[in-house]
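This report covers how the chains are related, how they meet, and how the parts of a chain are packed.

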Protein chains: 2
Amino acid sequence: MSKKPGALSIEETALFTDLYELTMAQSYLQQRMFASATFSLFVRQSRVNRPYLVAAGLEDVLHYLEEFSVSPDAIDYLHSTGIFADDFLDYLKDLRFTGKARAIPEGRIYFYDEPVLEITAPIIEAQIVETLAINQINLQSVIATKASRCFWAAQGRAVVDFSLRRTHGVDAGMKAARSSYMVGFQSTSNVLAGKTYGIPVSGTMAHAYVTSFEREIESFRAFAKSFPETSVFLLDTYDTIAGVTKAAVVANEMETQGHRLRGVRLDSGDLLELSRRVRQTLDEAGLNYVLILVSGGLDEFEVERLVQAGAPIDGFGVGTRMGVSGDAPWLDMAYKLVRYDGRPVLKLSTGKVSLADEKQVFRLRDSEQRLRGDVIGLADEPLPEPGAEALLEIFMEEGGLIRPLPSLDELRGRFQRDFVALDDRFKGLKKANKYPVRLSRNLRRLQKTLEREAEETEIA
Amino acid sequence: MSKKPGALSIEETALFTDLYELTMAQSYLQQRMFASATFSLFVRQSRVNRPYLVAAGLEDVLHYLEEFSVSPDAIDYLHSTGIFADDFLDYLKDLRFTGKARAIPEGRIYFYDEPVLEITAPIIEAQIVETLAINQINLQSVIATKASRCFWAAQGRAVVDFSLRRTHGVDAGMKAARSSYMVGFQSTSNVLAGKTYGIPVSGTMAHAYVTSFEREIESFRAFAKSFPETSVFLLDTYDTIAGVTKAAVVANEMETQGHRLRGVRLDSGDLLELSRRVRQTLDEAGLNYVLILVSGGLDEFEVERLVQAGAPIDGFGVGTRMGVSGDAPWLDMAYKLVRYDGRPVLKLSTGKVSLADEKQVFRLRDSEQRLRGDVIGLADEPLPEPGAEALLEIFMEEGGLIRPLPSLDELRGRFQRDFVALDDRFKGLKKANKYPVRLSRNLRRLQKTLEREAEETEIA
């Protein structure tokens with residue numbers, strides 16, 4: 001795979017990690033701890049307003065795992081810190097990821113406490129990739145989930161990713177475009193994401209364009225000349241209502257030349273009221289085909305408000321608040337050791353107890369194939385009922401991908417199938433029912449036993 | 001300059017942009033608009049709780065400007081979209097950034113409405129770099145500002161960047177380390193940032209390390225063996241109080257071998273109460289030299305609470321909430337055309353009026369050199385009073401850097417100088433006085449004239 005913009009190079013991957021992954025690795029080595037370890041990646045329930053989550057980011061993690069190695073340059077740097085022993089630095093030279101990865105595929109809906117990724121490998125390998133795995137899957141799940149809420153709020157109207165300028169840097173800008181497209185956005189303003197991921201690109205014009213002309217109406221005429229079939233005029237540089245009057249004049253001029261104005265964009269003010277007045281002005285000028293797009297600080301709540309009020313809006317440009325997931329910029333995602341050397345393990349930290357052992361998530365459906373509830377169980381236990389679906393699939397064995405990864409368009413279809421099957425009452429933007437997720441009897445029993453044991457041996 | 005991890009390659013830079021930058025550029029070209037344009041980058045006042053801002057991100061933008069070009073590959077992609085005319089695609093082949101950049105240097109404190117960067121160039125060049133300039137300076141200002149609040153809350157205790165796993169991707173992870181170090185953090189857990197920026201790296205151990213051993217105390221012994229002088233034991237895997245008892249046992253064992261436990265880390269529960277009990281246990285075991293570090297969902301408010309309560313804490317590991325600026329993950333940063341072809345311009349959009357023309361920010365000080373207030377004026381107006389300091393400096397002319405950029409350590413010193421000179425009443429974490437920023441009489445007068453003109457010609 002060629003490196004994506006903003007991604008790490010092979011030489012950089014191994015050092016994109018918290019220092020403690022490497023100090024722990026040295027200690028594992030010096031203790032001769034080479035047994036197999038399984039780590040679970042999951043999201044802890046917290047107070048964020050996200051009733052469901054969308055899996056995203058796996059593709060990057062799998063490619064990083066495949067290509068993992070520690071470059072001579074990286075080893076030189078580690079040596080220079082004075083922290084590491086020579087035997088460990090030698091050991092790093094040949095270190096590769098040779099393990100297994102099971103995961104809930106990208107584009108699927110998942111819930112709190114469910115392992116979205118489980119990695120099984122000799123403990124050094126499985127430990128050392130923690131930071132990278134969380135970094136990528138957390139970011140992309142955060143954005144895919146937020147974007148899915150905007151998509152849903154629009155109720156079939158077009159939603160476009162306008163977030164690039166305020167996403168957190170290069171990688172986030174690329175992932176915001178990919179993640180939002182995965183969950184139903186129509187296009188992105190991010191040209192590099194268009195090239196990289198094959199996402200349709202779209203855009204309008206900026207205030208700077210308008211103000212670079214001495215008169216607003218001349219800017220519209222000039223843009224129409226360059227883009228006679230695809231122009232979208234920005235109306236609010238001076239005043240939206242004055243702007244639409246001029247836009248209508250130019251649109252009528254375009255008609256006489258056999259062209260059509262595609263749309264207008266509103267970017268400030270009371271978008272409900274303004275969209276109504278703009279629609280009326282356009283319609284009165286015989287321009288009922290001209291689309292109305294809106295932007296400016298939108299999120300799922302504002303989109304829902306406008307849609308429910310019946311605003312005559314054809315499309316929403318959603319930017320910053322989606323691209324940084326403004327009201328919930330992170331999930332409490334953790335990567336915990338759940339099994340080592342055949343022994344299931346857990347931690348008991350206050351408020352952060354983890355679920356032991358290799359696991360599977362089983363999804364139950366009703367007779368109409370709607371999602372009815374999930375069961376978190378042990379990886380090797382039988383289906384909780386006939387027809388239940390096991391969500392974690394094997395993607396990697398012995399450090400290599402065991403099948404081709406799906407295209408972004410396939411992921412888009414997969415998300416839609418899950419999303420349609422999830423009842424509306426579990427999607428409410430402000431308030432939602434809690435989707436039923438329970439632990440299997442086997443997992444519950446194991447968990448109880450281990451908690452009791454740990455309390456007896458470590459605390460009592 | 002060699003490419004930093006997570007940065008764009010030269011080939012990618014030109015397409016890391018919103019589509020409309022390129023469609024506007026085509027139209028400028030087709031209108032033969034090659035005159036000089038000045039754009040101002042500034043932060044609009046919004047309801048976020050940030051009484052001051054820290055300038056950061058300029059270095060990246062300057063390097064991107066220096067290297068800006070459109071690769072043949074990028075042009076092929078643009079051609080494939082069917083959006084662009086051949087004359088424009090031809091024109092892009094030789095396009096470089098040939099303009100001027102004036103900016104408030106990184107590490108300095110600035111305020112709302114003040115231009116932190118002004119770019120002057122032929123309008124196509126100045127327009128096309130908008131997205132990238134906002135993307136980098138917004139992200140880094142957001143994080144530097146948030147991190148400075150954490151640094152200040154700690155009142156001299158060590159603060160360490162633990163954010164890598166939940167920053168928004170690769171670039172953000174690197175920039176969080178750099179920005180937080182710039183404003184006084186002691187070190188970072190991000191090893192690649194250590195290598196890239198020369199920031200000290202530090203770390204402790206994870207719960208996985210503890211649970212990979214059959215008994216917690218054995219994990220402490222093993223780690224101490226690998227790191228006899230630099231070990232920091234994590235105490236809360238099962239129970240913090242039980243944990244510190246074991247840590248004390250191992251620390252005393254280490255003493256008999258001539259070593260010293262460096263510290264312990266608390267990561268959950270009531271950190272105030274636990275830190276007191278842990279300190280007591282350690283002291284009673286003669287371990288008063290063992291440091292107490294805490295982590296787990298910290299931000300400036302929690303750090304301030306712990307410090308003000310006199311918690312016996314020596315250092316704070318601040319992660320997610322700093323690295324994503326949890327309570328304010330973006331600033332309302334905009335890049336507006338302020339002058340074109342010798343004509344100052346502005347926009348009047350509801351709630352988003354921009355300040356016209358090329359500008360300068362003047363800083364006034366009192367007799368003790370404390371910051372007294374800023375004046376936003378025109379670039380060519382005289383100092384508002386003797387001794388006033390002009391904050392924007394010229395960094396680039398004719399597309400080339402005109403002087404070497406300062407090192408990160410120099411930026412660190414620069415921030416400290418500004419921060420010390422900013423009175424505490426302007427730094428309050430929950431509530432702060434508004435620092436006085438006014439417009440010069442010349443700018444006010446120009447602004448009024450232009451607003452009146454625009455109202456007359458465009459709205460009335």
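Two residues are in contact if their C-beta atoms, placed from the backbone, lie within 7 Å. With that criterion, 100% of the interface residues of chain B are also interface residues in chain A, so the copies meet through the same surface. The model is predicted: local features need pLDDT of at least 70, side-chain atom pairs count only at pLDDT 80 or more, and totals for chains, interfaces and linings use all residues. Residues are numbered from 1 along each chain as its sequence is written, while chains are lettered from A and ligands numbered from 1 in the order in which they are written.

The contact takes 91 residues from chain A and 91 residues from chain B. On the chain B side, helix α2 (residues 19-30) gives the most, with 8 residues; helices (H or I, at least four residues) and strands (E, at least two) are DSSP runs, numbered from the N terminus.

Within chain A, the assignment, which is automatic or from a database, gives domain 1 (10-143 + 328-459) and domain 2 (149-323). Their C-alpha centres lie 39 Å apart. Here 13 residues of domain 1 are in contact with 19 residues of domain 2. The largest share of the domain 1 side, 5 residues, comes from α16(A).

The table gives the classes of both sides; Ala, Val, Leu, Ile, Met, Phe, Trp, Tyr, Cys and Pro count as nonpolar, Asp, Glu, Lys and Arg as charged, and the others, Gly among them, as polar.

| Side | Classes |
|---|---|
| Chain B, touching chain A | 40 nonpolar, 34 polar, 17 charged residues |
| Domain 1 of chain A, touching domain 2 of chain A | 8 nonpolar, 3 polar, 2 charged residues |

Helix α14 (residues 300-308) of chain B has the buried residues E300(B), V303(B) and L306(B), where buried means that 20 or more other C-beta atoms lie within 10 Å of a residue's own. Their cover includes α7 (130-153), α13 (271-284) and β11 (315-318) of chain B. After α14(B) comes G310(B), with a positive phi near 75 degrees.

Note on methods. Buried ≥ 20, exposed ≤ 12 C-beta atoms within 10 Å, placed from the backbone.
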